[in-house]
Amino acid sequence: MKFKNKVVVVTGASRGIGQGICVAFAQQGATVVGVARSDLADTGAAVQAAGGTFVAHNADLGTGTQKEAHDVIAQILAQTGQIDVLVNNAGIIRRAPAKDFSEADWNAVMATNLNSPFFFMQAVGKWWIETGRAKAPESSRLKLVNIASLLSFQGGITVPAYAASKHGIAGVTKALSNEWAKERINVNAIAPGYIATENTKALREDPVRNKAILDRIPEGRWGAAEDIAGGCVFLASGDSDYLNGAVLNIDGGWLGR
Ligand code: NDP
């Protein structure tokens, strides 16, 4: 029960990887605040069944403004009084050939996948530093975990905004870890491989792409949300206090190939 009396905020908690992450923290006794646009009842039930406490917070992170993100964090802090872990997981993908890629799709992907995570970290980091928690010797550390991608390292196929946003989040992870390690804040990221969720449904339903992907994964299978959740718990725990600015690949061996 490493996360008893800890508050863990997970964005994109309504399904997929985010839901799996919520359950993994619940198994360690956490109070989990799940953020998403749609109904969070499924995640709430799964968290409670796993032994955690759930707080649902509906919000749209798609505008990517500083005000939107700071308002969400202020509302969560008003309700819980503390945040110990933030997992920036919410993300979207839009597919189109580069020559036809629309401005609307570009802006939507960057707002959700890059602007919003940065402003969330900014709001939580500012609260942590300005309330003196960084200096209190008895206090534990603040853990910020970003969900990056293999496309933080590779270009992908017909997903230019997604690749740009995920390269960006890897950069922001390193930038903030440099600035905030001295504040007792660990900033790290996970680069999931190919995980079977709504986000990758189109790929799994395309027999050619599905085979090409499976043929390249040394583990020989699509990943599951639980495969990512374990790494996330590690990056949020005291076991990773000396880890800063890392992007941890959990990809069944894809990048090592
Ligand atoms: P899903 O599409 O299954 O889930 C996405 C989550 O993000 C949902 O909970 C969704 O909630 C939330 N979300 C999307 N847009 C918004 C928004 N505007 N405001 C609030 N919440 C939003 O995706 P995955 O679980 O597959 O992906 C999770 C993360 O992992 C993403 O960052 C993705 O890029 C990354 N990733 C996924 C991989 C994979 O193979 N699946 C591989 C590498 C990285 P709702 O719609 O209810 O608002």
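**Close-up views of a predicted model**

**Figure 1. Helix H1 is mostly covered, with 8 of its 11 residues buried.** The model shown here and in the other views is predicted. The buried residues of H1 are Ile17, Gly18, Gly20, Ile21, Cys22, Ala24, Phe25 and Ala26. The helix spans residues 16–26, and at least two of its residues belong to the shell around the ligand. Ile17, one of the buried residues of H1, places a backbone N or O atom 2.8 Å from an oxygen atom of the ligand. An α-helix has 3.6 residues a turn, so residues three or four places apart point the same way.

**Figure 2. The ligand is surrounded by 31 residues.** The closest of these residues are Ser14, Ser38, Asn89, Tyr162 and Thr197. By class, the shell comprises 13 nonpolar, 13 polar and 5 charged residues. Helix H5 (160–180), like helix H1, supplies at least two residues of this shell. The space that the ligand takes is the largest pocket.

Figure 3. The ligand taken alone exposes 880 Å², of which the protein buries 96%.

**Figure 4. Asn89 is one of the residues closest to the ligand.** Its place is in the loop between strand E4 (85–88) and helix H4 (103–130). Asn89 counts as buried because its relative accessibility is 11%, under the 20% cut-off. A polar atom of the Asn89 side chain lies 3.0 Å from the backbone oxygen of Gly12.

**Figure 5. Asn5 and Arg184 have positive phi values although neither is a glycine.** Most residues other than glycine have a negative phi. Phi of Asn5 is about 65°, and phi of Arg184 is near 65°. Asn5 is found in the segment before strand E1 (7–11), whereas Arg184 lies in the loop between H5 and strand E6 (185–192). Asn5 is exposed, because its relative accessible area is 66%, over the 50% cut-off. Arg184 is partly exposed, with a relative accessible area of 25%.

**Figure 6. Ala50 and Phe25 are 8.8 Å apart in space, C-alpha to C-alpha.** In sequence, these two residues are 25 residues apart. Ala50 is in the loop between helix H2 (41–49) and strand E3 (53–58), and Phe25 is among the buried residues of H1. With a relative accessibility of 22%, Ala50 counts as partly exposed.

**Figure 7. Leu144 and Gly156 are 26 Å apart in space, C-alpha to C-alpha.** The two residues are 12 residues apart in sequence. Leu144 is found in strand E5, which runs over residues 142–147. Leu144 is buried, with a relative accessible area of 1%.

Definitions and conventions. Residues are numbered from 1 along each chain as its sequence is written. This is a predicted model: local features need pLDDT of at least 70, side-chain atom pairs count only at pLDDT 80 or more; totals for chains, interfaces and linings use all residues. Side-chain values use heavy atoms; hydrogens and water are left out. A residue is near a molecule or strand if one of its heavy atoms lies within 4 Å of it. A polar contact is a pair of N or O atoms within 3.5 Å; within protein, one must be able to donate a hydrogen and the other to accept it, and residues adjacent in sequence count only if both atoms are side-chain atoms. Accessible areas come from the Shrake-Rupley method with a 1.4 Å probe; for residues, only the protein chains shown count as cover. On a 1 Å grid over the protein atoms alone, a cavity is a set of points where a 1.4 Å probe fits but cannot get out, and a pocket is an open set with protein on both sides within 12 Å along at least five of seven lines; lining residues have an atom within 4 Å of a point. A molecule sits in a cavity or pocket if more than half of its atoms lie within 2 Å of its grid points. Helices (H or I, at least four residues) and strands (E, at least two) are DSSP runs, numbered from the N terminus. Ala, Val, Leu, Ile, Met, Phe, Trp, Tyr, Cys and Pro count as nonpolar, Asp, Glu, Lys and Arg as charged, and the others, Gly among them, as polar. Buried means under 20% relative accessible area, exposed over 50%, partly exposed in between (1.4 Å probe, protein chains only).
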